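Here is a colleague's note to read beside the structure, arranged as numbered points. Please keep the model open while you work through them.

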Amino acid sequence: MIRDIDERMMAIEDELRSDAASSMPEGKKEVLEKEYTELAEKCVNLTAHDKVYLARHRRRPKVDDYINALFTDLFIQRGDLLGKEDQSIFGGIAKFHGIPVTVLGHRKGRNIQESMKYNFGMPEPEGYRKALRMMKQAEKFNRPIITFIDTPGAYPGLEAEEHGQSNAIAANLAEMSALKVPVIAIVTGEGSSGGALAIGVANKVLMLENAVYSVLSPEGFASILWKDASKAPEACDLMKLTAADLYRFGVIDEIIEEPLGGAHHNPDRVYKEIELAIIKEFNRVKHLSGNEIAKQRYEKFRDIDSLVREGKLR
């Protein structure tokens with residue numbers, strides 16, 4: 001259902017933004033705007049599977065959109081100082097309201113050519129080592145860190161395993177837990193497996209309303225549990241991967257609302273909500289010492305681990 005509604009909403013948007021819109025009869029424009037409003041109002045009570053569709057949407061804002069909208073003076077950083085440049089991790093040093101920060105995230109691409117270039121947002125070990133290099137540099141120069149999570153998972157290829165994929169992810173988890181600067185992680189699309197968590201160990205974990213965050217993809221879950229990837233819709237309900245589920249469990253700290261139909265229908269509104277959330281977190285931690293910041297982050301994730309062990313997080 002959501003797919004049909006969304007495609008019609010995009011078609012109306014494209015028509016209203018086209019060159020021909022300026023000469024469009026006023027009556028037709030009003031009809032289209034009314035239809036759009038009626039369609040948007042149907043985008044409520046979405047299922048978990050609907051939200052997976054929106055989280056993966058091809059027009060959903062990407063990491064460079066967020067960086068361009070929220071930060072200035074970006075100085076892109078490349079390479080892990082050991083091997084190749086992994087373009088599926090994008091970021092560098094920038095300014096947020098005049099404050100120097102390090103910002104980075106998964107990069108998926110907007111079309112098939114870009115997606116292939118960026119490996120569909122699936123980093124190899126070099127990408128995670130690059131991310132860690134940027135974060136350790138941020139700690140050295142006392143810069144807050146903001147990460148944007150949007151990945152189907154770490155790349156599972158043979159070369160990635162040979163180059164130490166699991167070790168690279170584990171190193172990020174360990175090092176991030178002890179960073180003495182504030183870390184804010186924002187799940188903007190799909191966040192799957194250790195590939196997402198490798199840049200997600202943060203003092204504050206925010207999540208867009210229609211994003212998803214899980215141990216693996218619904219298709220992978222269905223393939224393991226039922227040997228049938230077509231049962232992904234049923235898997236979505238069992239996995240509790242929506243922002244509402246994860247907020248209830250205490251895995252994330254805040255849900256950022258999206259416009260009806262998803263972030264791609266009004267990105268500027270989403271950028272503003274994220275901007276306000278970052279400002280709020282900066283104000284919360286600005287009087288804390290480096291040790292206090294690291295302790296707060298460590299205890300946050302230890303609390304989640306305790307709930308899992310006690311069987312209360314399910």
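1. Lysine 300 sits in helix α14, which covers residues 290–309; helices here are DSSP runs of H or I with at least four residues, strands are runs of E with at least two, and both are numbered from the N terminus. Leaving out residues up to four places away in sequence, Lysine 300 touches Ala202, Asn203, Val205, Gly250, Val251 and Asp253, and a contact means heavy atoms within 4.5 Å.

2. Before going further, please note that this is a predicted model, in which local features need pLDDT of at least 70 and side-chain atom pairs count only at pLDDT 80 or more, while totals for chains, interfaces and linings use all residues. Residues are numbered from 1 along each chain as its sequence is written, and side-chain values use heavy atoms, with hydrogens and water left out.

3. Taken as a whole, the protein chain has 14 helices and 8 strands, and its C-alpha trace spans about 60 × 50 × 40 Å along the principal axes. Why can the chain be called consistent with a compact globule? A compact globule of 314 residues would have a radius of gyration near 20 Å, and the protein chain has 20 Å, which agrees; the radius is taken over C-alpha atoms, and the globule rule is 2.2 Å times the number of residues to the power 0.38. Of the 314 residues, 50% count as buried, and among contacts with a separation of 6 or more, 71% join residues 24 or more positions apart.

4. The largest nonpolar core has 51 residues, and those with the most contacts inside it are Phe71, Ile146, Phe148, Ile186, Leu208, Ile274 and Ile278. Such a core is a set of buried Ala, Val, Leu, Ile, Met, Phe, Trp, Tyr and Cys residues joined through side-chain atoms within 4.5 Å. Helix α13, residues 267–285, gives the largest share of this core, with 6 residues. A second, separate core has 13 residues, including Met24, Leu32, Cys43 and Leu54.

5. Two residues let you follow individual contacts. Leucine 208, not counting residues up to four places away in sequence, touches Arg60, Tyr66, Ile186, Val187, Thr188, Ala243, Ile256, Glu258, Ala263, Val270 and Ile274. Threonine 188 belongs to strand β5, residues 183–192, and is buried, since its relative accessible area is 3%. With neighbours within four places in sequence set aside, the contacts of threonine 188 are Arg60, Tyr66, Phe148, Ile149, Asp150, Leu208 and Ala211.

6. Which residues bring helices α3 and α11 into contact? Helix α3 (residues 48–55) and helix α11 (residues 232–239) pack at an angle of about 100°, with their axes 8 Å apart, where axes are lines fitted to C-alpha atoms, for helices over the stretch in contact, and angles run from 0 to 180 degrees between N-to-C directions. That angle makes α3 roughly perpendicular to α11, a label for 65 to 115 degrees, whereas under 35 is roughly parallel, over 145 roughly antiparallel and the rest oblique. The contact is made by Ala48, His49 and Val52 of α3 together with Ala232, Pro233, Cys236 and Asp237 of α11.

7. Two backbone angles deserve a careful look. Most residues other than glycine have a negative phi. Aspartate 73, in strand β1 (residues 72–76), has a phi near 55°, a positive value, and is exposed, with a relative accessible area of 57%. Lysine 227 lies in the loop between α10 (218–226) and α11; its phi is also positive, near 55°, and this residue is exposed at a relative accessible area of 71%.

8. Is glutamate 85 buried, exposed or partly exposed? At 32% relative accessibility, glutamate 85 counts as partly exposed, and its place is the loop between β1 and β2 (89–96). Glutamate 85 and glycine 127 are 42 residues apart in sequence, yet 7.2 Å apart in space from C-alpha to C-alpha. Apart from residues up to four places away in sequence, glutamate 85 touches Arg78, Gly79 and Lys130.

Conventions: Buried means under 20% relative accessible area, exposed over 50%, partly exposed in between (1.4 Å probe, protein chains only).
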